[in-house]
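Let's walk through this structure together, beginning with a single residue and its surroundings and then stepping back to the whole chain.

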Amino acid sequence: MSLIGKKIEDFRAHAYHNGQFTEVSNEDFTGNWSILCFYPADFTFVCPTELEDLQEQYKELKSLGVEVYSCSTDTHFTHKAWHDTSEAIGKIEYTMIGDPAHRISQLFDVLDEEQGLAQRGTFIIDPDGIVQAMEINADGIGRDASTLIDKIKAAQYVRTHPGEVCPAKWKEDGETLKPSFDLVGKI
């Protein structure tokens, strides 16, 4: 079942952020745009490349009013150890959520129950805590975080311009569409 258009459910978890342990809840996902990026496990192979790539987009995402969170079924202690020992992960400035009880992974329907690991799921959540976009990749397919920039801009545009939609490959300041009876069959 799709989570698009649904409010995220209640959760509370421990996290690692900027050299400290902290607590994160669903309430942290309201009041601003958020990206929640699930990945299978710390100390693996594709995961650090994805998280480092996400860090490379972090400054621009922050400038768009977006907070970024990563999440795996590892503990916040493991996140700290990985952050302290990996050159790629050591760059991360966003919050790394631990989900050892699998609660958050289940809520977002990305838990591979056989392995006890989260799948590669990316969620864009609006300031009301509503999921606006999601993508789930197979384990062997790494994600490109740069694609999140245009998706966020499109989601923010649609939110502030009711009645307009963004076509494929839409870029900021590009033309949008206003769905109407007269537009049917004209595209």
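Glutamate 23 touches Arg12, Ala13, His14 and Asp28, leaving out residues up to four places away in sequence; contact here means heavy atoms within 4.5 Å. A word on the ground rules: this is a predicted model, in which local features need pLDDT of at least 70, side-chain atom pairs count only at pLDDT 80 or more, and totals for chains, interfaces and linings use all residues. Residues are numbered from 1 along each chain as its sequence is written, and side-chain values use heavy atoms, with hydrogens and water left out.

Glutamate 23 sits in strand β2, residues 20–25. Helices (H or I, at least four residues) and strands (E, at least two) are DSSP runs, numbered from the N terminus. With 43% relative accessibility, glutamate 23 counts as partly exposed; on this scale buried means under 20% relative accessible area, exposed over 50%, and partly exposed in between (1.4 Å probe, protein chains only). If you look for threonine 147, 124 residues away from glutamate 23 in sequence, you will find the two C-alpha atoms 28 Å apart.

Now turn to cysteine 47. The UniProt annotation "active site", from an unreviewed entry, covers Cys47; UniProt positions are given in the numbering used here, feature names are shortened, and annotations may be inferred rather than shown by experiment. Cysteine 47 belongs to helix α1, residues 46–63. Is this cysteine buried or exposed? Its relative accessible area is 1%, so cysteine 47 is buried. Apart from its neighbours within four places in sequence, cysteine 47 is in contact with Tyr39, Pro40, Ala41, Trp82 and Arg120.

Stepping back, the protein has 4 helices and 9 strands, and along the sequence they follow the pattern β-β-β-α-β-α-β-α-β-β-β-β-α. The radius of gyration is 17 Å, close to the 16 Å that the globule rule gives for 187 residues, so the protein is as compact as a globular protein of that length. That radius is taken over C-alpha atoms, and the rule is 2.2 Å times the number of residues to the power 0.38. Along the principal axes, the C-alpha atoms fill a box of roughly 55 × 30 × 30 Å.

Of the 187 residues, 45% count as buried. Among contacts between residues at least 6 apart in sequence, 66% join residues at least 24 apart.
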